[in-house]
Amino acid sequence: MRRNRFMQKKHTNEEMTLQITSMADIFTILLVFLLKSFSTGLSTITPSNDITLPDAKGGDEVADVLKVEISPNVILVDDKPVVKLRGFRFEPTDVEANKTSRSLNSKLIEERKKREMAEVGITQDKGQKTPNARKLMILADEKAPYATVKSVLTSSGNAGFVDFKLVVIGDE
Amino acid sequence: MKGQLHALNQSRAPLEMEFELNIAPIIDCFTVLITYLLISASFISISVMDIGVSGNGDPTATPIEKKDPIAVSIQINAYNDITVKISGSEKANFKIPQAEGATNWKQLVEALKPYKAKYPNVETAVVSADSSTEYRNIVKVIEGVRESFPLVSIGDE
């Protein structure tokens, strides 16, 4: 009997298998690449959004030290805003005779004392001359004028910090 | 019918069992791992430069050896020209003009190499700049100076 052409063809019950072999290949390559670039330590340093770090070759060791960020509008100490700036310049009411910021000076002294108290009892590495409490890391925008950076360094020196580290974007 | 088939199959070679490898759990693990690594990945390589501050007052600040035969001083002016001053056993004073609006740190590296070759034990240098000099130019000069004199300190103008 001729099949009525208007009759709908019955769909056969076929199982559709999803081809995920290609996806597994891509994931494997992606995973190998990400594992290779995965690192600890320096990856925890994240500059603020409004800071563009300068390019340079660094290569020195880094530890858990106090972080000071210099952006066009604010100076952050350990991610907390301390001093307001206007185009990298201090407010005239905040500047002391030695061209340093009063609020920054007091904050740095407070942080240094806090860190020294926290480090009491912690044995330092034998090769380490300077305790971490007296080390400071500076993340400054590449357009920051030397006067501002020098002022921050002077404030840090007066507060008791002796080891300074400039954070840059470098080629490894 | 089926049973006959079964009997028939028993006298022949055993049937090959086809199976499919289930890679769905592996994909699940990969997805989680890749998500975590992508979130924690840092695609910019951050590095650190150690510097000192001269005139800080703290004797441990910069280990400047006062017995160095020469003292190296690098100054950057407002126009990004570099002035190199050598004092001590040998005296020199020369200028390296800016290049393309920035400090010509590559020429500075070449200029300092002969002094490093002559005085290999000298490791310190002082870098100072005009108040308006941009930080990136100072960092580039410090990077160049560090190739010959690794202990760099920042000083006053």
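Arg115(A) is buried, with a relative accessible area of 17% (buried means under 20%, exposed over 50% and partly exposed in between, with a 1.4 Å probe and protein chains only). The model is predicted: local features need pLDDT of at least 70, side-chain atom pairs count only at pLDDT 80 or more, and totals for chains, interfaces and linings use all residues. Residues are numbered from 1 along each chain as its sequence is written, chains are lettered from A and ligands numbered from 1 in the order in which they are written, and side-chain values use heavy atoms, without hydrogens and water.

Arg115(A) lies in helix α2 of chain A, residues 102-119. Helices (H or I, at least four residues) and strands (E, at least two) are DSSP runs, numbered from the N terminus. Beyond neighbours within four places in sequence, Arg115(A) contacts Asp64(A), Val65(A), Leu66(A), Asp78(A) and Ala133(A) (contact means heavy atoms within 4.5 Å).

Asp78(A) also sits in a hairpin turn. There, two residues separate β2(A) and β3(A), and Asp78(A) has a positive phi of about 55°. Strands β2 (residues 74-77) and β3 (residues 80-86) of chain A pair in the antiparallel sense over four bridges (pairing requires at least two DSSP bridges). Ile75(A) has Val83(A) in β3(A) as its bridge partner.

β3(A) also pairs with strand β4 (residues 89-90) of chain A, antiparallel, over two bridges. Arg86(A) is bridged to Arg89(A) in β4(A). In this hairpin Gly87(A) takes a positive phi near 60°.

In chain B, helix α4 spans residues 135-146. Ten of its twelve residues are buried, so α4(B) is largely enclosed by the rest of the structure. Among them are Tyr135(B), Glu143(B) and Arg146(B).

Note on methods
The expected span of a helix is 1.5 Å times one less than its number of residues.
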